[in-house]
Amino acid sequence: MAPSLLSRALPSTSRALVRAPPRTVVHQRRHNSDLSAKLNAVAAKARVVKTLPDFSMANKVAVITGAARGLGYEFCRAFVQSGCTSLAIVDLKEDEAEHAGQELIKAACADSEMEPSDYRIVGIGCDVSSELSVQQAFRRVMDTYGRVDSVVASAGIVENYSAFDYPFDRIKRLYDINVHGAFFTAREAARNMIPQGGGSIVLVGSMSANIVNIPQPQTPYNAAKAAVKHMAASLAVEWAKKGVRVNTLSPGYMLTKLTRTILAHDQELKKTWESLTPMGRMGEPEDLAGAIVFLASDASRFMTGSEVRVDGGYCVI
Ligand SMILES: NC(=O)c1ccc[n+]([C@@H]2O[C@H](COP(=O)([O-])OP(=O)(O)OC[C@H]3O[C@@H](n4cnc5c(N)ncnc54)[C@H](O)[C@@H]3O)[C@@H](O)[C@H]2O)c1
């Protein structure tokens, strides 16, 4: 029935009730749209300024090995996005490390009030399998910044040989980089952190420290990553009372040059890896950003000797 006919058929009090809804509805709609505009404005403000301060990497000097590309580079990006302006990129070739630094600064200054001169990002050539080379790299870090707060040992390699086919010199090289390289990096980091009151060290392990990858054979890699994980726990206990924390970040299958090299020879392998991962996909390097900032920053200040796995659920099935 049309509203005018309805109002004539009802007593005056009921007519008032019948006429009321349109005003209430209009009022309610206006209220909802005001509220949603207000919530949107608050969310926009919160996105810009509200982050738990403990996650900030501002005023921290960070050193990342194996950072000219891959996960190491992504860790640098995550630190810069979290406010870090003093950062050393350590990798085999100094010019590649420097180039990565320039890319980082360019990205950080785009759409931001930051200027390139606000950043002190250096590239340092270093072979982590050489103790001397790592010591020299840390000397340069200390000469440049005078301190070091957060160190990530990400340099590492993988190779797939069956145990019977793996040449010994290559096994030795893998351990020299993945295990001894992590040890030299952690030791030099701690040597410099302890006199200044502490710091955070993150060793990049792998889910391979916990499971045996299939179908590709990689026994020395898996054993090396298990060693890295237990090394982090052991160093954590040695240095716990000296303010130096040591944790492991263990990624699952991530899309970087390291895995792309393996997949280049075997396209089916990617599908196999994805089907073995509960989340059904390989990780993108930026999927590790939150975890690395958590471990490297004061947000994890009561955490040491732990492993954080970021593997799309791989290890739980
Ligand atoms: N990509 C993955 O799926 C995956 C999964 C689990 C763990 N990881 C681990 O993450 C770390 C980084 O892997 P990525 O995928 O970024 O690999 P990547 O090959 O893309 O990058 C590795 C970087 O380390 C550098 N590097 C190699 N040997 C070095 C040495 N002797 N000294 C200094 N730098 C050296 C390389 O030049 C390169 O820039 C490794 O420790 C790897 O084992 C990777």
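Here are a few questions and answers about the fold and one of its helices.

Modeller: Quick note before we start: this is a predicted model, where local features need pLDDT of at least 70, side-chain atom pairs count only at pLDDT 80 or more, and totals for chains, interfaces and linings use all residues. Residues are numbered from 1 along each chain as its sequence is written.

Colleague: Which residues of helix 5 are buried?

Modeller: Helices are DSSP runs of H or I, at least four residues, numbered from the N terminus, and helix 5 covers residues 131-145. Buried means 20 or more other C-beta atoms, placed from the backbone, within 10 Å of a residue's own; exposed means 12 or fewer, and partly exposed is in between. On the other side of helix 5, Leu132, Arg139 and Asp143 are exposed. The buried ones are Val134, Ala137, Phe138 and Val141.

Colleague: Why do the buried residues line one face of helix 5?

Modeller: An α-helix has 3.6 residues a turn, so residues three or four places apart point the same way. The arc here is that of the directions from the helix axis to the C-beta atoms. Seen down the axis of helix 5, its buried residues line one face because they fall within an arc of 95 degrees.

Colleague: Which residue just after helix 5 takes a positive phi?

Modeller: Look just past the end of helix 5, where phi is about 80 degrees. That residue is Gly146.

Terms used
Helix = DSSP H or I, 4+ residues; strand = E, 2+ residues; numbered from the N terminus. Expected span 1.5 Å × (residues − 1).
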